[in-house]
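Me: I'd like to learn how to read a structure like this one, feature by feature. Can you walk me through it?

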Amino acid sequence: MGRNTLTYRQRLRLELDRWKNFRKALLRDEKEAFDSLADQVFRLCHAGSMYPERDIFDLFTMSALISHERRLKTLEKELKLEMKVDERLPIRHKPIW
Amino acid sequence: MRGYLLDINPSGKDEVILWVKRLDGRVVSHRIKWMPKIYVHGPLENLVKLGRLISQRYFVDFVERSVKPGSPPETVLEIKVPFGGKRRLANLILDLGNHQLFHIYNVDLPSMQEFLYQHELHPTALIDLSDHGFEVLDSVEDIDYDLSWIKTAHLDAEVRASSIASRFSDRLKEIIIEINGERIVLDGSEDGILESLTKTLDDLDVDVIITDGGDSFLLPYLHYRAHVNCVRLRLGRSRDPRMFKPSPSTYFSYGRVYCRFRGFKLRGRIHIDSSNSMLYGETGLEGLIEVSRVARIPVQDAARYTIGSCMSSLQYYQAYRLGILIPWKPSNVIYMDCWSLNRADRGGLILDAKTGVYWNVAELDFKSLYPNLMLKHNISGETVNCECCKDGGERIPELGYHVCKRWRGIVPRAIELPLKKRMRYKDVIKQVRDDRLRTLYKSRSDALKWILVTAFGYLGYRNAKFGSREAHLAVCALARDVLLKAIRIAEESGFEVIHGIVDSLWVRREDAGDQDYLELAKKIEEEVGLPISYEGRYRWIVFLPSRTHPDRPANNRYFGVFMDGRLKYRGIEARRRDTPPIIRKMQLEILEKLAEARDPEQLREKAIEALEIYRGYARRLILGDVSIEDLAITQVLSMDPNDYVVEARQAVAAKHLERAGISIVPGQAVTYVIAGASGLSKAVPIQLIEEGSYRLEPYLRILERAAYTMITPILGSSKAIFSIAL
């Protein structure tokens, strides 16, 4: 049996296509950010494809958020910071000497 | 008298001939009176009237059979029909019932298969033949059955061709028969050759004739030449069928166009056309016979069937045995709203790889995942969303479907034998030391793999007799569930999951050794309850990016080297069938070079050395130091050459061939060399090209792209390093 519906990837591609006029108006570095966001969202296809009844833009937004959260976490790790859920940074005591 | 069942064929209207090779080596034919049957179901009083009407010409009987799997037997009309008369009678009965009253069954069940099912027989069976009938002495479940009694010969002919294409009007030059490494050449006058051919085949006592193009040219040609020369040619052990004209047909499957020729089947001897048999081409005679035994199909038919038809025969057999009738035109239509279709119609789960080089990665594959799921969860057309277990059946994740608990489906019953047998072959392969035996078991197990692969696809096929879309969707949902579980287990055990695709996982932990990975495989196997195989540990593996979006991965495009030195590559140019041999050679040479690396530092060094390999090949192309065969591109035609809107190279090549008198039908392949930029020189068939006349530029471009695929993931993507310094 062949497929009768579009795959999640195909739907995502169509959705990005619908944004093409929006993308056209972006400046160069904004455009780069847009494309990079699209690439990030494609990285979460495995999860997106498990929730097909959801609107595609919802899935797009959620995937982008997760991707951002993950990038943030990576940066925090790199900076050796651990931000709490309430956005506060742990108090760092200055060395006394 | 004991012997092996070589072949069966119908004879006249109501007789089947069994060709048996006795243990002393003599082949005898044995005739049995038998006729195929069809069944009619409908209101009883109408059946009685119908029975009375047609009993004047046919043998009829009232019998009890199930018209649906799992339903109780009902009274149906059984009609014995002479060979070849099923369809005509079935249509007549449908007309009589106004296409409303009657349903007809077993119409497209091939007669010889029905004969085998009824007598619990299988090709190459060891049987004990007596005046009262026969007894089968071996079983389809056996894994070491004897085939040493089969005498195989390769048959080929040389034609005095007047052009590059041989025609029926061309005279025969010689015939070459190869048997047991010996080569027998028959030459001389045409009628002499043809006369001695029959005698030679009989003297050598050949059982299986293998040809290249026997269905599409050779056998009809030989018969035509015999006719012209007034010679009685016989290639089988009894009179050959009359067929002077090869008849090709084109079909479409999984996005590709194929071409198949009507088979030239012999009587009492088996003819296999290696170019017209997918199974023979993939698995050889051993694999072909394994399939005909397991699926109970005469060898000559199995050679020409699609794998799907072979697999269906297993289901038909199960149905036949259980007294279930096989619907002629299955009407298992289900209706679904858009919403549920959108939710259910998805394939396997794919976890994208992050592109790049990875070290110390293990590959874990579920063994025959889909067939095992179908067997374990009893998935069949009639069991998914059955009427009887609405509240109590087993639930399918995500979709909320239920599976019958009372009836074991036809599909799981049918795949049990090939699935279990394949596992047994795989176990034996690991144990045997003898190389010859290992390849033998390997080809048999590969043949069974083909059957298992199609078992799933056929579930949702519109003409499948025992499938349904829901069953198809249920298997996909189960498979996704299994892979997700496996990923969770791997992560909980401290592994990083790099890539997952339908039934395979690539996992990594920096310090992990074979033992750790094996333990993980065992853990998944225990928790999920499905067999898993540990493919091995890659020293390094490269997951490649997509060409159009370099920041996104392309699934199923990777290459790597296992710890034991085995190479594995998928989706790269060397795997594609339309890649010229020279490109394939270069990529493999580069891969072998890269495989020497033991750590990331060495890999970079080897990649730089690999650049030299690429430059060497480029130099050879420029200097003309390549044979024309190395540049040949083989492509399959998907349409008639004249229907192409854009002048595709394969269409141009086909047009060349058409001018030379060779007609190419869609599904056939053409092999060509790029000789110019436009017009007819764009692609010249290999048969017509002169040595050295190729166009350099496109080949250099393909070469560079192939090298780029292999080297950039390691050295980074700078086009400059690909400059060719001569």
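Me: Which residue just after α5(A) takes a positive phi?

Reply: Keep in mind that this is a predicted model. The residue is A:Lys80, with a phi of about 60°, just after α5(A).

Me: What length should α5(A) span, going by its 24 residues?

Reply: Take 1.5 Å a residue, and the 24 residues of α5(A) should span 34 Å. The C-alpha atoms at its ends are 35 Å apart, which agrees.

Me: Which residues of α5(A) are buried, and what covers them?

Reply: General idea to begin with: an α-helix has 3.6 residues a turn, so residues three or four places apart point the same way. Here, A:Leu59, A:Phe60 and A:Ser63 are buried in α5(A). The cover includes α1 (8–18), α3 and α4 (45–48) of chain A.

Me: How do α3(A) and α5(A) cross?

Reply: The axes of α3 (residues 28–42) and α5 (residues 56–79) of chain A come within 9 Å and cross at roughly 95°. That makes α3(A) roughly perpendicular to α5(A). On the α3(A) side the contact uses A:Leu37, A:Gln40 and A:Val41, and on the α5(A) side A:Phe60, A:Ser63, A:Ala64 and A:Ser67. By class, that gives four nonpolar, three polar and no charged residues.

Me: And at what angle do α16(B) and α18(B) cross?

Reply: Roughly 175°, with the axes of α16 (residues 600–623) and α18 (residues 696–715) of chain B coming within 10 Å. So α16(B) is roughly antiparallel to α18(B). Among the contact residues are B:Leu603, B:Tyr614 and B:Ile622 of α16(B), and B:Leu696, B:Leu703 and B:Leu715 of α18(B). The classes here are 18 nonpolar, no polar and one charged.

Me: Now sheets. In what order do the seven strands of the open sheet in chain B come?

Reply: The order in chain B is β17-β21-β22-β18-β23-β24-β25, with antiparallel pairing. At the edges stand β17 and β25 (567–570) of chain B; each has a single partner strand, so one side of each is left without a neighbour in the sheet. Zoom in on β23 (residues 532–545) and β24 (residues 553–562) of chain B: six bridges join this antiparallel pair. One partner pair to look up is B:Trp540 with B:Val561 in β24(B).

Me: Which helix packs on that sheet?

Reply: That's α14 (residues 514–528) of chain B, touching β18 (356–366), β22 (504–508) and β23 of chain B. Its direction makes about 110° with that of β23(B).

Me: How many bridges join β11(B) to β10 and to β12?

Reply: Eight bridges link β10 (residues 152–160) to β11 (residues 171–179) of chain B, an antiparallel pair, with B:Arg160 opposite B:Arg171. Six bridges join β11(B) to β12 (residues 182–187) of chain B, also running antiparallel, and there B:Glu174 stands opposite B:Asp187. The hairpin of β11(B) and β12(B) has two residues between the strands, and B:Asn180 takes a positive phi near 50° in it.

Me: Last one: how many residues does each chain give to the contact between chains A and B?

Reply: The size of an interface is often given as the accessible area lost when the parts come together. Counting residues instead, chain B gives 17 and chain A gives twelve. On the chain B side, α9 (338–344), β17 (350–351) and α13 (469–492) each supply at least two residues, and α9(B) has the largest share, four residues. The chain B side divides into six nonpolar, four polar and seven charged residues.

Conventions
Residues are numbered from 1 along each chain as its sequence is written. Chains are lettered from A and ligands numbered from 1 in the order in which they are written. This is a predicted model: local features need pLDDT of at least 70, side-chain atom pairs count only at pLDDT 80 or more; totals for chains, interfaces and linings use all residues. Two residues are in contact if their C-beta atoms, placed from the backbone, lie within 7 Å. Ala, Val, Leu, Ile, Met, Phe, Trp, Tyr, Cys and Pro count as nonpolar, Asp, Glu, Lys and Arg as charged, and the others, Gly among them, as polar. Axes are lines fitted to C-alpha atoms, for helices over the stretch in contact, and angles run from 0 to 180 degrees between N-to-C directions. Angles under 35 degrees count as roughly parallel, over 145 as roughly antiparallel, 65 to 115 as roughly perpendicular and the rest as oblique. Two strands pair if DSSP finds at least two bridges between them. The expected span of a helix is 1.5 Å times one less than its number of residues. A residue is buried if 20 or more other C-beta atoms lie within 10 Å of its own, exposed if 12 or fewer, and partly exposed in between; C-beta atoms are placed from the backbone.
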